[in-house]
Amino acid sequence: MLLLRDRTLQSSPPLSLTKLLTTPLRRKPFHHLLFLSAHQSTHHTKPQRQQQQHSLPGKPRPSPTSAAENRWVPLIESCSSKSHLRQLHAHIIRSVAGKNPAVMATFLSRVALRPLGDMEYSRRVFKQIARPNASHYNAMIRGYSQSNSPEKAFCLMRDMLGRGLSADPVCSSFVVKACTRLAYLFGGRQVHGGTVRNGYQSDSRLLTSLMDLYASCGTTVDAEHVFDEMAVRDVVAWNVLISCYARNGRSKDALVLFDLMQEPRYGLEPDEVTCLLLLQACARLGAVECGERIHSFIEEHGYGGALNLRNSLVAMYSKCGSVDTAFKIFNETTNKNVVTWSAIISGLAMNGHGWDALEAFSEMQRAGVTPDEQTFTGVLSACSHCGLVDQGLWFFDSMKTEYGLVPNLHHYGCMVDLLGRAGLLDQAYGLIVKAETIKPDAAIWRTLLGACRIHRYVELGERVVTHLVELKAQEAGDYILLLNIYSSVGNWEKVTEVRRLMKDSGIQTTPGCSTIEIRGKVHEFVVDDDTHPRKAEIYLTLDEIGKQLKIAGYVANVEAEMHNTDVEAKETALSYHSEKLAIAFGILSTPPGERLRIAKNLRTCVDCHTFAKMVSTVYNRKLVIRDRSRFHHFREGYCSCNDYW
């Protein structure tokens, strides 16, 4: 068992890693080579060939097989277009090279793999091979693993094994990659079993592919076991494990690995990919201090000029609420591309700076950078934050008419949010049901359901839940929103009915969880949390905060509590929500006036939102709370969301 000891952060599942560490060929141009090959194969006379052979005394006469390989393999590898390959194929068929396994394997690889990637053509060529060997199968399996039909790679491997051929580690790694793209866990396990039976546990490429498969399928324990089995764990293996944790809700453990891999007993230096993955983990956690450490590492190790890392830094700081730092990095980036511009536009929009985001879009156009789908997601989000309905509708139309972009689910989601914010709920509903280029998913219906809650539109809220049920995508949060709608209008019979439905259907609510980073360590809280080592101090501090806020005029918004009880009972139930505990711990652990950054997995309730506004005034604190919906920047009693989220 990998023991992270005090590095493992509270409330995260334990890491279960065990036994831890212990001269290029010079080729002539294609046309010239093709001419020579054809000429030599058809116009050399027998005396000429004999003269050539006798002119090299002591040299063994090359076999037809090796001669064909020496002649045709360089020609095939030098081809850069499909038309050239077709010409070459015609010559190969008419010569003895068509029966040479190495020549045909090279040809299959060239046709099946990128940049050509013509699997239909390569399939026809493959079928013409009378007795395909492992190299031919490998070429086809690799091609299918990268194609739009990755499932055929697995089928082809079964056919290969049925012919009595064995799959080597290279072949197996391509099949695993195909299974990863399909999220085909059972198939991957079969390949893993073959790996053990055939003694391929020392092949790091195959094992890292298996780790990636298990990470994609959410089975982190299996990925850890594969990591344990590796005799040599290089940076790539560590990167895959970091990615596994980051993708499966264990971002804190991913950050722990950054320090662990650099310890003397392992002696590995994180590379650019490591930094990229860790920045994404920091963004998910809202852990800006950890992000700053990664940023310093990037600069100290000479990675600061990499555009993909600079783009990730802009995104990370934006998602942590440090939009000023994100904008500074953006301004210092000289070779901005569309990803750079999209990152800052989205970052400004999500942090409530809608007008600045639109100005950045105008500057992007003046710079001659063509916007893409992600850019317009940020632009439409900015319009939503600013309440610019007419401008949003114009941008939504212009992305189709001026830029030839087809709106996707994210764009429709932004438009529904924009129209919902403006109270145009029926228009938002019409936009969804009349959409021709998308099939509405659960996220877009939930956006509209949230707007129904804000505007207390009961009838439409019920219709939206019906759509979610039809998609079989209803979650506890959807019923909670519906409960909010019913409780806001005092319809307690419906509240009881929905609660009974949730109980009978076995629908479990997701517990609210808030995190706050203090001096580089991330602390987690849930409602009524009693696991933190400083819990007694935290609750005393929270009670004192409550007293001070009440003196300043704070009154608990009991509408956020959906049980039909008296006011006092509702106030008590609201007192210890996870974000309130995080705020209390932040005030307890930091000097006066220091900004607090909190991330929550669910949408923050109305009462906690009001509570945070009052804290920002009474304690003269800036608070940044990122919930499931958006960022909330609290300052002097106001929130950047303008009380719409």
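This is a predicted model: local features need pLDDT of at least 70, side-chain atom pairs count only at pLDDT 80 or more; totals for chains, interfaces and linings use all residues.
Contact here means heavy atoms within 4.5 Å. Setting aside neighbours within four places in sequence, L448 touches V416, L425, A428, Y429, I432, L460 and V464. L448 is also, along with I92 and I141, one of the residues with the most contacts inside the largest nonpolar core, which has 150 residues. Helix α13 (residues 235–247) supplies the largest share of this core, 9 residues. Apart from it lies another core, this one of 27 residues, with I516, F525, I583 and C639 among them. As a general matter, nonpolar side chains in soluble globular proteins tend to be buried together.

The 234–268 span is 66% helix and 0% strand, and its end C-alpha atoms lie 8 Å apart. For residues 337–371 the figures are 74% helix and 0% strand, with the end C-alpha atoms 10 Å apart.

On one side, β4 runs parallel to strand β3 (residues 596–600), joined by 4 bridges, and I598 has I625 as its bridge partner. Together with helix α32 (residues 606–618), these two strands make a right-handed β-α-β unit. β4 also pairs with strand β5 (residues 631–635), this time in the antiparallel sense, over 4 bridges; here I625 is partnered by H632. β4 and β5 form a hairpin with 4 residues between them. As for side chains, L623 and I625 point one way from β4 while V624 and R626 point the other, and all are buried.

Technical notes. Residues are numbered from 1 along each chain as its sequence is written. Side-chain values use heavy atoms; hydrogens and water are left out. A nonpolar core is a set of buried Ala, Val, Leu, Ile, Met, Phe, Trp, Tyr and Cys residues joined through side-chain atoms within 4.5 Å. Buried means under 20% relative accessible area, exposed over 50%, partly exposed in between (1.4 Å probe, protein chains only). Two strands pair if DSSP finds at least two bridges between them. A crossover is right-handed if, with the strands pointing away from the viewer, the path from the first strand over the helix to the second runs clockwise.
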